[in-house]
Amino acid sequence: MSNKSRLLFTRRKSRNRFSIKKKSSLSHRLVVFRSNANMYAQLIDDNNGHTLLTVSTLNKEVKKSISNNGGNIKAASVIGDIIAKKALDKGIKEVFFDRGGYIYHGRVKALAESARKSGLKF
């Protein structure tokens, strides 16, 4: 990533985070981070500033079902499904989706749609 694109991404990410925190009336936020090799999702309680759940392609339960490739759409779908099930087990039904400055396309979209199918509302 070039310096200019890294700077633009950082600005977009911070702008999105601040606007999400201002506009969100919900206390729980589903945050997505993606790298070239892996995908991560966290459920954060904004009122207390604590991370409630985290799921990534590095977890043992996820690695079994994705055949060691954590950077594809199938892995993102598995992550969305697992985090939605864990959130519902904790009694969290509605979250605010924070895509972290990434475009709603590809892996980010697959994670979001999988979480919606599993029962999360956002």
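Q: How many salt bridges does the structure hold?
A: A salt bridge needs a side-chain nitrogen of Lys or Arg within 4 Å of a carboxyl oxygen of Asp or Glu. This is a predicted model, and the structure holds four such bridges.

Q: Which residue forms a salt bridge with D46?
A: The partner is R29, and the closest N and O atoms are 2.9 Å apart. Now place the two along the chain. D46 sits in the loop between β2 and β3 (50-56), while R29 belongs to strand β1, so this bridge ties together parts 17 residues apart in sequence.

Q: Which residue does D98 pair with in a salt bridge?
A: D98 also pairs with R29, with the closest N and O atoms 2.9 Å apart. D98 lies in strand β4 and R29 in strand β1, so the bridge ties together parts 69 residues apart in sequence. D98 has a relative accessible area of 0%, so D98 is buried.

Q: What does E61 form a salt bridge with?
A: E61 bridges to K86, and the closest N and O atoms are 4.0 Å apart. E61 lies in helix α2 (residues 60-66) and K86 in helix α3, so the pair ties together parts 25 residues apart in sequence. E61 is partly exposed, with a relative accessible area of 43%. K86 is partly exposed too, at 29%.

Q: Which side chain of opposite charge is nearest to D45?
A: A charged residue can be checked for burial and for a partner. D45 lies in strand β2. D45 is buried yet has no salt bridge, and the nearest side chain of opposite charge, R29, is 9.0 Å away.

Q: Which residues does D45 touch, not counting those up to four places away in sequence?
A: Contacts show what surrounds a side chain. D45 touches S27, H28, H50 and L52, with residues up to four places away in sequence left out.

Q: Which residues gather in a patch of positive charge on the surface?
A: The patch is made up of R12, R15, R34 and R99. Take R99 as a case. R99 lies in the loop between β4 (96-98) and α4 (107-117). R99 is at 30% relative accessibility, so R99 counts as partly exposed.

Q: Which residue takes a positive phi just after α4?
A: Backbone angles are worth a look where a helix ends. Just after α4, G119 has a positive phi of about 120°.

Q: Where does F96 lie?
A: F96 lies in strand β4. F96 has a relative accessible area of 27%, so F96 is partly exposed. F96 and G49 are 47 residues apart along the chain, and their C-alpha atoms are separated by 15 Å.

Technical notes. Residues are numbered from 1 along each chain as its sequence is written. This is a predicted model: local features need pLDDT of at least 70, side-chain atom pairs count only at pLDDT 80 or more; totals for chains, interfaces and linings use all residues. Side-chain values use heavy atoms; hydrogens and water are left out. Patches are made of residues with over 30% relative accessible area and no salt bridge: like charges are joined within 9 Å, nonpolar side chains (Val, Leu, Ile, Met, Phe, Trp, Tyr) within 5 Å. Accessible areas come from the Shrake-Rupley method with a 1.4 Å probe; for residues, only the protein chains shown count as cover. Lys and Arg count as positive and Asp and Glu as negative; His and the chain ends are not counted. The place of a charge is taken as NZ of Lys, CZ of Arg, CG of Asp or CD of Glu. Helices (H or I, at least four residues) and strands (E, at least two) are DSSP runs, numbered from the N terminus. Buried means under 20% relative accessible area, exposed over 50%, partly exposed in between (1.4 Å probe, protein chains only). Contact means heavy atoms within 4.5 Å.
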